[in-house]
There are 2 protein chains.
Amino acid sequence: MNRLDWNTLDTQGQRTALSRPAQSRAESLRAGVEQIVARVRADGDAALRELTTKFDRCVLQAIEVSEAEWSQAEARLSPELKAAIDEAAARIDAFHRAAAPQPVALDTAGGVRVERMLRPIQRVGLYVPAGSAPLPSTALMLGVPARIAGCAQVVLCSPARPDGRCDDAVLYAARVTGVHRVFKLGGAQAVAAMAYGTESVPKCDKLFGPGNAWVTEAKLQVSADPEGAAIDMPAGPSEVLVIADEDANPAFVAADLLSQAEHGPDSQVILLSPSAALLDAVEAEVAEQCAALPRADIAQKALSQSRLIAVSSLAQAVEVSNRYAPEHLILQVGDPRALLDDIESAGSVFLGAWTPESVGDYCSGSNHVLPTYGYARSYSGVSVASFQKQITVQEVSPDGLRAIGPCTATLAGAEQLEAHRRAVTLRLAVLEDAA
Amino acid sequence: MNRLDWNTLDTQGQRTALSRPAQSRAESLRAGVEQIVARVRADGDAALRELTTKFDRCVLQAIEVSEAEWSQAEARLSPELKAAIDEAAARIDAFHRAAAPQPVALDTAGGVRVERMLRPIQRVGLYVPAGSAPLPSTALMLGVPARIAGCAQVVLCSPARPDGRCDDAVLYAARVTGVHRVFKLGGAQAVAAMAYGTESVPKCDKLFGPGNAWVTEAKLQVSADPEGAAIDMPAGPSEVLVIADEDANPAFVAADLLSQAEHGPDSQVILLSPSAALLDAVEAEVAEQCAALPRADIAQKALSQSRLIAVSSLAQAVEVSNRYAPEHLILQVGDPRALLDDIESAGSVFLGAWTPESVGDYCSGSNHVLPTYGYARSYSGVSVASFQKQITVQEVSPDGLRAIGPCTATLAGAEQLEAHRRAVTLRLAVLEDAA
C-alpha cells in the first residue's frame, strides 16, 4: 500500500492519489464486443453456443436451465446455505419494500389533479457473474427488487462451468426470489442475448448487474442503441474507502480493507486517518492478515494500487472522500453519525466498529449493486425504483382548465407553438359557449 | 395521416404501424459529434467560440450570460409572460415537492439499522434548446427539480441567437428557478462543455434536457465515458398517442394531435379508436385546423408519418398503446380511469376531454421531459429523484452482528470470499472474548 500525506501533496499529487486504475474503453475491447453483439443479433442461439464454447469452455446442451436442474441444484445444496439465502432474502425484501416509491396524488389547483403512478418494467434481465466464484448474493440483490416491483418477465443469465452446470446456490437464490427463467450464458454474449432476444432468450427492456470489462462494455453498447435495452448503471471494479480515527481497531480496519481487496486485482482500497499511529498499525495488520488469505495473491495486487493517506482531521477526510465518491464508505470513528451530514457522494455507508462492509454485501438488507469508479457522484445503487417506471397522470376538470388554461396559452404563445395554444383556447371557447 | 385497421394487419404490418421514424446512430453523426467533443476537450473556450460561430452564426463576446443581461432580459419581458412563468413554476414546484423521495430508516433485525438518505447531485447541467423556438418551459422543468433537490451548482446552456442574446423568457425562467449560471451554447458543443468543463464552463456530474440528434448523440457519448457525465435519458422526437371513443370531441382530438405534430417534422402522432365515425371526423378536423396553423408545413410533414388506427375495443387500444409505449398518452374516453390500471408504459397520461397535452407541457405541475421513442418501456420522466442520489447507510450493534454475522459468514464462505467472512468472524471473536 502506498503511504501518502494529503497535505503535502500538490494539486496533481492529490489527483493522482485519488485516481482509479484506468478503465478506458480500449478500441480493441469496443471492437471485440461490437463483434460479439453483432454475431448474437445475426445468428441467435447458434452464436451463443459457439461463443460459450469459446469463452466458457463449455458445450451447452440446452441454453436454459431446466426444471430438473433447478430441483437437483436445490437438493444438492446444504440446509445451512439454503437457510442463509432465505434469511438474507427476507431482510433484503424488508428494506427494499420499505424504501420502494409510493404513488402520489395532489391537486395543484382547483380541478387540476396530478398524480404519479408506478408500473413495473415488464421484461428485465439480470446478470450474475461467476468469474472467480459464483455470486448467489447478486442473484438476491437483483431478484428481490424485481419481484417487489412486479416485473412480468424476470430473466437471469449466469455463465455455466465447463461441466455445463450453473452454480447451485445461484439457482436456489434465483428460485427464492421468483426469477422466471435462467440461461447458462456469460459475458458480452449474455448481455447481447437479453438486449435483443434470440430463439431461446426473450428480449428484455432493461439489464442489471455487475460484470467484467466485457460485460460493462456490452451494457454500454446496447444501452446506446434504441433497439437495445436500458441498463442499471455503468460498473467498474469494486472499491472501499475507510475513514478511521485513532481509537479504531486496526484489525477490524485491515479486515475491511482486505475484504475489498480480495475481489479482484483491480479493486481499490483507500484508508484516510488523522492518526499516524493508526495508519502504522493498519499497515502491519494488513500484511499479517493478507498472508493468511487463500486469495492473497489477488489481494496483494489490489493493495499495490491502494493508499493509506494521512489527513489533518476527520472533516478533511470527509472532503477527500466526497471527491473520490467511493462505492463503499466505512466510518470507523467514535461518532460516525456526526460525519454523515457532510457525506455527499457514496454508494453505501457503514457506521462504526461493528458494521463490516460484508454485512451490506450479503444480508443487512441494503443492496450491494452500487455505483463504482466515481459514478456515486451521479448514480444510486439498485433499488425497487430501478425496476419501475414512474408515470405521471393528470386530470383537469372544466373549472381546472379555466384556472390554468390562460397560463398555458400564454406560455405556448411565447414559444410560438400555436397548436398548443389552440388546444386550450378551443376548449375554453366551448366552455364559454356552454355557460 | 395513414388510415389502418389493426385487426386486418399481419404481424409485420402491426410492427410497421407502430414503427417510429428511424433514429439510427448514423456513422456520420457519430463521427461528427466525436470530433466536436474532442475539439472542446482539447481547446476549451476557443473551440466553443469557433463552433458557435459556425453552427449558431453567432460571434460570442462573453460565453456566460452577464448579470446585466439577466436584468435587461427581465426588464424587457411582458408582465403577463412573467406572471405565467411564475405561476407555472409554482405548480411544478408543488407537484415535484410532493413526489420527491423521502428518507427511510428501518431495523431489519435487532441492532441492525438500515437507512436510505438523499443527497443532491452536486453539479448539474441543463440543456434548453432554442432551435425553431426558445423553450422557457424546459428551463422550468429542469430548474425546479434541481432547486428542490438542492444541487450546489446548476448550470444551463441554451444557444444564443445570431444577435448574441439568449431568449429573455429562458433567462427569466432560469432566474426564477434559481439556476446559478447560464452559458450561450447549443448543440453537441454545449454538451461537451458541461461534461468535461472548459475555462468558462464548469464540469458537471449529470446532464439533463431534450435536444436534436446532435445533442442526443453527444449525451450518449459523454455518458459512456467515465470521465464524462451521466445523463437523464436518451431522447428522440416528441410523440403522442390518443385513445378516443365514439363520444370524444373530434375538434379536441384533432387539436391535441396537431399540438404534437407542430413540434417538428419527425414528431409522431397516433390515434386509436374503435369508432370509424370518430376516425373520419378527426381526419377532417385535422385537415381543417392544420391549414390555419402558422407551422402548418411542419405539422404536415409529421402527419405524413402518423396513423389513424381502427381497433376492436378500448381494451385492444390499451394493448396497442402499451406496445408502442408513447411519451404522451391521451385518454379521451368516457371513463378514462377505467383504462388506467392496464396502462403499462407511457411517459405521462392525460385523462378526459378537458386535459389537453399542453397543460402538462407547461403548467399542470408534472414534468414535460419524458421518455420518447419507446424508452417509456424502461425510463421515467424527469423528477426530483433524477437530481439526487439515494445513499444507503447501515449501522450494526454488537447484538446486531451476533444476529446477522453467521448468515454473512455462511454466504461469504459459499462465494469463496474468505476475507469477507473473516471481517465478521474476527469481530465476533472479539465480542466473545469480551463476554
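## Around a helix

Just after α6(A), A:G178 has a positive phi of about 85°. (Helices here are DSSP runs of H or I, at least four residues, and strands are runs of E, at least two, numbered from the N terminus.) This is a predicted model, where local features need pLDDT of at least 70, side-chain atom pairs count only at pLDDT 80 or more, and totals for chains, interfaces and linings use all residues. Residues are numbered from 1 along each chain as its sequence is written, chains are lettered from A and ligands numbered from 1 in written order, and side-chain values use heavy atoms, without hydrogens and water.

**Exercise 1.** Work out why α6(A) counts as largely enclosed.

*Solution.* 
- Start with burial: buried means under 20% relative accessible area, exposed over 50%, partly exposed in between (1.4 Å probe, protein chains only).
- Seven of the nine residues of α6(A), residues 168–176, are buried, so the rest of the structure largely encloses this helix.
- Next, look for the cover: it includes α3, α4, α5, β5 and β6 of chain A.

**Exercise 2.** Find what A:H420 touches.

*Solution.* 
- First locate A:H420: it sits in helix α16 (residues 418–434) of chain A.
- At 1% relative accessibility, A:H420 is buried.
- Now list contacts (heavy atoms within 4.5 Å), leaving aside neighbours within four places in sequence: among them are A:A412, B:H263 and B:D361.
- Finally, a polar atom of the A:H420 side chain lies 3.1 Å from the backbone oxygen of B:S259.

Key. Polar contact = N/O pair within 3.5 Å; in protein donor to acceptor, adjacent residues only side chain to side chain.
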